[in-house]
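Here are some notes for a colleague who is opening this structure for the first time.

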Amino acid sequence: MPEILAEIPLLTDLWNSTIGSLWDSTDTFRTQYFDFNILSDNDYENAKGVLEGFRETIKLSIIGGFLALAWGLVLAVLRQLPGKALAPVRGLTIAYIDAFRGIPLLLVLLLVSGSLGALAAEDVIPKDIGIPRWFGQPDPFWYGIIALTVTYGAYMAEVYRAGIEAVPQGQMEAARSLGMSHRQAMSRVILPQAVRKVIPPLLNDFIALMKDTSLVSVIGFVEVVQFGRDVQSETFNSTALSFGALLFLLVTIPLARLVDRLIARQQRRVGRSGGGGTAEPAPAGAAGTGQTGGPV
Amino acid sequence: MAGGALLQLEGVEKSFGGLHVLRGIDLAIDKGEVVCVLGPSGSGKSTLLRCINLLEPPDAGRIVLEGQQISGGAGEVGIDFVRRRVGIVFQQFNLFPHRSAIENVALAPQTVLGRGEGEARTKAAALLNRVGLADKLEEYPERLSGGQQQRVAIARALAMDPEVMLFDEVTSALDPELIKEVLDVMRELAEEGMTMIVVTHEMGFAREVGDRVVFMDEGVVVEEGTPKQVIDEPKHERTKRFLGLVLER
């Protein structure tokens, strides 16, 4: 029985005659997933550990997310280069995107972590790249960043592409007619519009990336999930993992709500510009509806 | 090549897949001339304009601008030469929706001509004033009427100091009450001596402002002459039939 209730006799009786026995019988079940003592013992050792693990998760998410956003944009632009001469570049970019959208992140992670060190040991690549320990972070951290960037860059390239294709063709024609080069038209006219259209699906991909950082635990990096797992195998109790799950939700749910809001705002805008004498076709909403092409 | 013509087209052809849209167009346009192009939809009028500024490179024939061959094999000058001398205004305006009116006008001079922001904006403001939009400098396209947007588009094309202005059915997407404000701007432009090729269905405009009218059908120039000759006394059966349908309204 909850301690607060025990101090009031009337409520104790009420409690005991109703759900009391059910509550007591589920005690083992409840403490398996949430036992405050597991977190508070030894001066909150485990609680601190979970929080520190989550800090690593956030670091992986922000650095990996930022690099994947940038790399994805580079890939999307390469894919849109004009002219026959650049067809090989387009082909290679498409092959890259297809490949990394089709390979599990875990596999990429193992490929990166298991091969770079070996190559460095054989002096095929410099040690600083083979066993990266930049900015005081351990090499599994950077292997994780590389795998996340390489894989999520491919997902995000597809999102950017949807945005670029949703910009009406007349925009490129108008820019080119004014004398702008393809590059100028892309950077000044097309991409600013395209990126605005795809902020919600990019955020969705970021949420997915954040959850996938937990895979980096497999190569020996202690982030929130790995720490929870360690506690679990020591104590046979899942509280540290539950606490980690709670921390994820504290970030992912507000982000998901933000995505909803941004989409709603875009749709209002589309509705408005549909009237007002513009003959322009409404910007394809498809880019903003959360079709990210990312992992589900 | 006819001496003195600013723009000269000889046997220009263009196909899209199996569709032969232009079947050999010959046309010479002098400096300061206003040529109105009439014709039923699908006759190749828009494609003709898009070939002149090389948005669609012609498949055959020659185009010569200011004595420089811009299309038609050896000795072609670059696309930049064309784009800086030929301005185009589209039926759908195609304003940049993420930029205000003044930024729409100033963007190309800044990026293409390397003008400073202050200089480009001063000139843009003057151009917008000229098309009657001095009070809309900072408005975004979505807050402007179709007629206002089209006038911004004209100012935007003028900002590059073109030698020739192409107008591709610029009033066709406008509500009837907004057409006049756009045509008025074009009329003033013509009076100031701008060389213009105007694809239009506005017979009144063609008659009043056009120095010459060209009637196109099925990818060829069927008839050309003064507005009086072509609109009031057409010789060809196809021209008569088209004008009969259009002027009936």
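This is a predicted model: local features need pLDDT of at least 70, side-chain atom pairs count only at pLDDT 80 or more; totals for chains, interfaces and linings use all residues.

1. A term is needed first: a salt bridge here is a side-chain nitrogen of Lys or Arg within 4 Å of a carboxyl oxygen of Asp or Glu.

2. The side of chain A that touches chain B draws two or more residues from each of α10 (169-177), α11 (182-212) and α13 (239-273) of chain A. Of these elements, α10(A) gives the largest share, seven residues. By residue type, this side of chain A divides into seven nonpolar, ten polar and seven charged residues.

3. As a whole, the contact takes 24 residues from chain A and 28 residues from chain B, and the two chains bury about 2,200 Å² between them, with 54% of that area on carbon and sulfur atoms. Ser177(A), Leu178(A) and Arg188(A) supply 28% of the area that chain A buries against chain B, which is more than any other three residues. Seven residue pairs, both members at pLDDT 80 or more, are in polar contact across the interface.

4. On confidence, the predictor gives the complex an ipTM of 0.90 and a pTM of 0.81. Chain B averages a pLDDT of 91, and 97% of its residues score at least 70. Within chain B, strand β5 (residues 68-71) has the lowest confidence, at a mean of 84, whereas strand β7 (residues 164-168) has the highest, at 96.

5. Over all chains, the search finds 32 salt bridges. One of them joins Asp184(B) and Lys180(B), at 2.8 Å from N to O; these two residues are four apart in helix α6 (residues 176-191) of chain B, so they are separated by about one helical turn. Lys180(B) counts as exposed, at 55% relative accessibility, while Asp184(B) is partly exposed, with a relative accessible area of 22%.

6. Where does Asp43(A) stand, buried or exposed? Asp43(A) is exposed, with a relative accessible area of 58%, and forms a salt bridge with Lys48(A), their closest N and O atoms being 3.8 Å apart. Lys48(A) is partly exposed, at 44%.

7. Two further cases deserve a look. Glu119(B) forms a salt bridge with Arg115(B), the closest N and O atoms being 3.6 Å apart, and Arg115(B) is partly exposed, with a relative accessible area of 24%. In chain A, Arg79(A), Arg101(A), Glu158(A), Arg161(A) and Glu165(A) are linked in a network of salt bridges.

Key. Residues are numbered from 1 along each chain as its sequence is written. Chains are lettered from A and ligands numbered from 1 in the order in which they are written. Side-chain values use heavy atoms; hydrogens and water are left out. Contact means heavy atoms within 4.5 Å. Buried area is the accessible area (1.4 Å probe) that two parts lose on being put together, summed over both. A polar contact is a pair of N or O atoms within 3.5 Å; within protein, one must be able to donate a hydrogen and the other to accept it, and residues adjacent in sequence count only if both atoms are side-chain atoms. Ala, Val, Leu, Ile, Met, Phe, Trp, Tyr, Cys and Pro count as nonpolar, Asp, Glu, Lys and Arg as charged, and the others, Gly among them, as polar. pLDDT is the predictor's confidence in each residue, from 0 to 100. Buried means under 20% relative accessible area, exposed over 50%, partly exposed in between (1.4 Å probe, protein chains only).
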